[in-house]
Amino acid sequence: MVYTHFPEKPIEITDELKDALALLEAPAEQHPLIFITGKAGTGKTTLLRFFAQNTPKEAIVLATTGLAAIQIHGQTVHSFFHLKPQLNLLDVDNLKKLPRRVVDKLETIIVDEASMLRADVLDAMDHILRQSAHDKRPFGGKQLILFGDLFQLPPIEEERDSGLFDLFHTYYQSPYFFDARVVSKTRIEVFELTRIFRQAEDRGFALLLNKIRENKITQPALDAWLNKKIDLREPTDQENTIILSPTNIGASGRNQYRLAQLPGEEFVYPAQIDGDFKRKNAPAESNLRLKRGAKIMMLNNDINDYWVNGDIGTVYELGPDFIKVVLKGCVYQVEPHVWEDIRYEFNPITQRLEPVVKGFFKQYPLKLAWAITIHKSQGLTFDNIYLDIGNGAFAPGQTYVALSRCRSLQGVKLKKPISQKDIRCDGRVVQFFNKVYGH
């Protein structure tokens, strides 16, 4: 086991999680490719963390985005495999082998946010592992475990007019990992988590979200359930509500405007960045700007359980070297938090693969939160959301991700009606699951 400690509460090991863990702990030869999936709020990340922290397997934890990697204390897929951002498999000559002693020790590769794992990246991983291990089996005989929900945000593709888009689609039917060539050469074991924790107290809302997730909802149903929730008045500072926007402009513009409207002195808190920490992966602002009364969102789970990642509050008091916030009626002084950027390396003393800290990012774990993007909200849970769909959803799963952040339908408000064109679901994902379940 190579994983470091997560400051998490003990999780409830349900019968379903026991079955999932039994699959994950089975010999890698039995299940070389596993996909753990499930609707939003079913505990995929919680299961990943528990398994990674407790498995006796020599495992590494990777993620498809830098921010996701920081949050799970892992490394990005591209960093570990030294991949370029574009069309990796078509540039085979420049794919680098992994060090032999790393490959020899490695048993299992865990990848989070697999919905964003592109087919060419998975094939590049397969090629590198086979070449590095001198083993012709898929992934060089190593086990790959993917976590994610294909009905949420999809892989990032090349621009349609770049020329690379057409080149990619001459090799692949879709950008999703299940259309990678290596997947056709091995058996994929799919385990779907079904117990929803986030909307456990609102089963009707959970059923509604599932219809939206799979694009099985009609416009009359949207009108009857969701479009009654329209409220043209945006949330006030006193409301425990966060605005979700499809675009960065829509979210950051609101935050900057609201901050400028507040009276009083503005304080700026620069982050401390050490070592090889990449700014683009920063989980918080490099220069945090705050005023008294600003609406904020917490970005970590407090070790004393005073707050969790995603809790909404207000700045109570500020100084050059301190921040106090109000959360759920209580005032807390917030201390700076340290996020680590790690790389997996072979330790010749322990003869194991171990995570080595390569950089630090130290900042107060909060951000302005009158509004955030739907993309940045993925994985978070809120009591109340105000969804401004803007000019409409522009990516599959976007509306589903936004609505599924909320615990209950009662906590949802809309600025604009949701139409069926906003319920975007990629038919190729539906076909994949129909094939998996024999429909």
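Residues are numbered from 1 along each chain as its sequence is written. Because the model is predicted, local features need pLDDT of at least 70 and side-chain atom pairs count only at pLDDT 80 or more, while totals for chains, interfaces and linings use all residues, and side-chain values use heavy atoms, without hydrogens and water.

**Exercise 1.** Determine whether Arg213 and Glu214, which form a salt bridge, are buried or partly exposed.

Solution. A salt bridge requires a side-chain nitrogen of Lys or Arg within 4 Å of a carboxyl oxygen of Asp or Glu, and the closest N and O atoms of Arg213 and Glu214 are 3.7 Å apart. Buried means under 20% relative accessible area, exposed over 50%, and partly exposed in between (1.4 Å probe, protein chains only). Arg213 is therefore buried, at 3%, whereas Glu214, at 23%, is partly exposed.

**Exercise 2.** Locate the two partners of the salt bridge between Lys413 and Asp231.

Solution. The side chains of Lys413 and Asp231 meet at 3.6 Å, N to O. Lys413 lies in strand 20 (residues 412-414), and Asp231 in the loop between helix 9 (219-225) and strand 7 (242-245), so that the pair links distant parts of the chain, 182 residues apart. Helices (H or I, at least four residues) and strands (E, at least two) are DSSP runs, numbered from the N terminus.

**Exercise 3.** Identify the residues linked with Asp388 in a network of salt bridges.

Solution. Asp388 is linked in this network with Glu234, Arg254, Arg258 and Lys415; the structure holds 22 salt bridges.
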